[in-house]
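This briefing covers confidence, domains, chain contacts and the nonpolar core. Please read it alongside the structure shown here.

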Amino acid sequence: MTKIKKMFKYDNVGILFVLPAFLYMIVFVGYPIIYNFILSFQDVTVKTLRKDIKEFIGFRNYIELFQQDNVLTLSLWNTLVFTVACIVFQFIIGFALALLFNKKFSFSKPVRGLLMMPWMIPITITGLIFKFMFSTDVGIINYFLRSFGIISENIDWLTNTVTAMPAVIFANIWIGIPFNMILIATGLTTIPAEIYESASIDGAGKIQAFWNITVPLLRPTIESVLILGFIYTFKVYDLVYVMTSGGPVNATQVLSTYSYKLSFEMFKYSKGAAVANILFIILFFVSLLYLKYVYTEEEA
Amino acid sequence: MKRLWAILIATVMVATLLAGCGSKTSTEKTIEEKTSVSENSDSTEDKGAFNGASGKVTIWYYWETEGHQKALDHLIQTFNDSQEDITVEAKYVPFADFKKQLSIGASADELPDLVILDNPDHAAYAAMGIFADLTDKFDVSTYYDGPVNSCTLDGRLYGVPFGSNCLLLFYNEDMLKAAGREVPTTWDELLETAKACTTDKVSGFAHSSLQNEEGTFNFLTWVWSTGATAYEINSEGGIKALKMVKELVDSGAMTKEAINWTQGDTMNQFISGNLAMMLNGTWQIPTMRSEAPDLKWNVAPIPMDVQQASGLGGENYAVIAGGNEEAAIEFLKFATSKEQSLYMMNTMGYISPDSTIAEGQFKGDPVYEAFVEEMKYAYARGPLPEWPDISDAISLAFNEVMTGASTPEDAAAKAQATIDGILGK
């Protein structure tokens, strides 16, 4: 009896609470990740998928991906360019809007609500809309640019290897602004108004108040927004797939679309898994960074 | 007290988790029981008609056209009503997800009993070993060679051709007349006619040029027309074909947007009056006739270089190995019978792969008759398990050329290196 009582002491009960979530994670998150790693070290293609014993080939898939063609390096570079460009613009515009809506003015709440729209619309639909807007002959973007005299000839946005990536980035910035705005706006409400008041009594201007009060006090929020934004953006798939499917000539091929293509269009399952793992490892380290920030924040 | 509650809740949570697993196994059991029961009843009563074949047959297909779906539903309904032992059900899987679902299904052993799939993919899945060997179970001696070859791997028959189609040049009669042009028959004529028809709002010519199987299917008609094969891109003919599409795009005769167009998109642009000429297939005719009844259009052989050529498209039936094979085969025998096959082909606008049926099809309809005639010049892709790889190399090559990322010579050399690597040369 005492033993049973001891088992259910405060500390041990905690384990029971964690157990369901832990089992869930093992089955639905842990297993696929481990399976994917094993798959990437095997030689599984269309001919070997159904065989019981799959040949173990070590790092050959990874080596071949890096050596044989430059699509992997290109996808890595594209993913990085896409992520950095999106984050920079999303963050700056989102921050500006958050500051704007932090001021009280009429209709600020309904307008702020409306600005959440891009975040609510399914990405596939956003992708289709932007694909249509960026269309060379009938797209509204070329129409406007032409009527304002900015361009004289239609730009073939999505079918040109140079302009395809900026077009996709543009669409994703539009989607990501509300995410940045709402998180930063929430962060702003946690800064007490008294600090600004006393600062203004001491003679601080708006710009000084922004750099010396808002930014330092928002630092934890900013860090979270940037890291979460990086993770969300780095694993982009649907938007690129809908708008360009990675083309033209791999100009918008990112890691996720390349992995999909290898696995399900070309039946190179192991190579597809290897690309997915590269994506996973990069995000894993970024997540570790995020966790580190969260912990130090909580301790502080 | 609090602690007791905590323990209770935790146990309940764990229990529900286990119960979740438990209920699954129990349903599995009931299914097993059910099938064993039906097997028993068959062996004792033996209804005779299908040598004991019974149960459920699930079919996967990817046609997005409503007319196609209705035709298949009608076929299935007729079959289900005609007998009591077998119940057939169809499930729509979007074309974009079809290969993925089939691959995942293959590795997880969760496949349907019958699939209707795109013929260039047939060899890859047959090599994977998920299709039942139908050699000697179906008589395909009266079928056209191209469709039968696409179901064959190493001399064994792994499927039955469902229906065939091919590509032709579609042209807008009014636009050609307005430009004062005849229907082009050679590459030079196509270029001139397309340029003459191009205006602010209308593009002279286009074919789907996506960097995938659809684009390859359309582009290869140029290669075949030069006399080269799909495996000889870095040949005189292959480079000539690449130069041809480059000239079409560079001169503005063909819209570059076709890089992002599916064959369906291309057809929509054509019936909306944005396109004077296009390459497209047999299956578009029913939609075009119902969507744009007033549009004046006709078809002609694809303008050629040295020989007339078209691409062979279409779907095959394949029975999944280890599924409800007997029942699936019974349904297949019903579906490929002359009466049913004719109904399906005519409703869907397909050409029967069975020459005895095809010859009687579409009498008095010049558009369809042109397609039946073109079947003689239609080349098949593959059959080769590695076809998707080869197709990818080819589609990359013409995309590089069309976007100006690379010259026809460089693109051809690169594609050839990939193709030779796959073919083991």
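The model is a predicted one, and its scores are ipTM 0.74 and pTM 0.79.

**Confidence in chain B**

- The average pLDDT of chain B is 85, and 88% of the residues reach at least 70.
- Over residues 11–48 of chain B, pLDDT stays under 50.
- For that stretch of chain B the model has 12 contacts beyond four places in sequence.

**Domains of chain B**

- Chain B is assigned two segments to each domain: 50–164 + 313–379 form domain 1, and 166–311 + 382–423 form domain 2.
- The centres of domain 1 and domain 2 of chain B, taken over C-alpha atoms, are 27 Å apart.
- Contacts between the two domains of chain B involve 25 residues of domain 1 and 24 residues of domain 2.
- On the domain 1 side of this contact, two or more residues come from each of α4 (122–128), α5 (145–150), β4 (152–153), α15 (366–374) and β11 (378–379) of chain B.
- Helix α15(B) supplies the largest share of that side, five residues.
- By class, the side of domain 1 of chain B that touches domain 2 has 16 nonpolar, eight polar and one charged residue.

**Contact between chains A and B**

- Between the chains, 27 residues of chain A are in contact with 33 residues of chain B.
- On the chain A side, α2 (10–40) and α13 (255–265) each supply at least two residues.
- Helix α2(A) gives the most to that side, with six residues.
- The side of chain A that touches chain B is made up of 15 nonpolar, seven polar and five charged residues.

**Nonpolar core**

- In soluble globular proteins, nonpolar side chains tend to be buried together.
- The largest nonpolar core in the model has 172 residues.
- Residues with the most contacts inside this core are V275(A), F205(B), V245(B), V319(B) and A397(B).
- Helix α9 (residues 164–189) of chain A provides the largest share of the core, 11 residues.
- Domain 1 and domain 2 of chain B each contribute at least three residues to the core.
- Leaving out residues up to four places away in sequence, V275(A) touches L65(A), L72(A), L255(A), Y258(A), S259(A) and L262(A).

Terms used: Residues numbered from 1 in each chain as written. Chains lettered and ligands numbered in written order. Predicted model: local features only at pLDDT ≥ 70, side-chain atom pairs only at ≥ 80, totals over all residues. Contact = placed C-beta atoms within 7 Å. Helix = DSSP H or I, 4+ residues; strand = E, 2+ residues; numbered from the N terminus. Nonpolar A, V, L, I, M, F, W, Y, C, P; charged D, E, K, R; others polar. Domains from an automatic or database assignment. pLDDT = per-residue confidence, 0-100. Core = buried A, V, L, I, M, F, W, Y, C linked by C-beta atoms within 7 Å. Buried ≥ 20, exposed ≤ 12 C-beta atoms within 10 Å, placed from the backbone.
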